[in-house]
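Thanks for asking me to look this one over. Have the sequence and the structure open beside you as you read.

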Amino acid sequence: MISRLVDLFPAILTAIVTALVGSPLLARLAPRVGLVDVPGAAPHKQHAHPTALVGGLVLAAAIGAPYLIVRAPLDNQIGGVLAGGLII
């Protein structure tokens, strides 16, 4: 079990770094491209300040980056999950 985790360490580290670096960068970019939820735009939106809508993009990048950068082995099951995530 430990050897499997050691094999996956570069992919896990890539995902963590992608999320930690990508989140603030995309949060700063979001207002420039209109990816914000504006308070009061609908009756149920009660937040005080505009909120960046980039969490899904950061998550997708953090999941996909290990397969692009580390070239982790991609079997049919993992490929199906990644393809399904891109469609959604």
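Here are my notes, point by point.

1. Please keep in mind that this is a predicted model. The chain has an average pLDDT of 83, and 94% of the residues score at least 70. Confidence is highest in helix H1 (residues 2-33), at a mean of 88, and lowest in helix H3 (residues 76-87), at 76.

2. Helix H1 is worth a look for its surface. Val17 lies in this helix and belongs to a nonpolar surface patch together with Leu5, Phe9, Ile12, Leu13, Ile16, Leu20, Val21 and Leu25. The accessible area of the patch comes to about 830 Å². Val17 counts as partly exposed because its relative accessibility is 42%, between the 20% and 50% cut-offs.

3. Next comes the loop between strand S1 (36-37) and strand S2 (51-52), where you will find Gly40. With a relative accessible area of 57%, Gly40 is over the 50% cut-off and so is exposed. From Gly40 to Pro50 the C-alpha distance is 9.6 Å, with the two 10 residues apart in sequence.

4. Helix H2 (residues 55-69) spans 21 Å between its first and last C-alpha, close to the 21 Å expected for its 15 residues. H2 also has a kink of about 30 degrees at Ile63, shortly before Pro66.

Methods. Residues numbered from 1 in each chain as written. Predicted model: local features only at pLDDT ≥ 70, side-chain atom pairs only at ≥ 80, totals over all residues. Heavy atoms only, no water. Helix = DSSP H or I, 4+ residues; strand = E, 2+ residues; numbered from the N terminus. Buried < 20%, exposed > 50% of the residue type's maximum accessible area, 1.4 Å probe, protein only. Expected span 1.5 Å × (residues − 1). Bend = angle between axes of the 7 residues up to and from the residue. pLDDT = per-residue confidence, 0-100. Patch = residues over 30% accessible without salt bridge, like charges linked within 9 Å, V, L, I, M, F, W, Y side chains within 5 Å. Areas by Shrake-Rupley, 256 points an atom, 1.4 Å probe, with all protein chains shown as cover. Salt bridge = Lys/Arg side-chain N within 4 Å of Asp/Glu carboxyl O.
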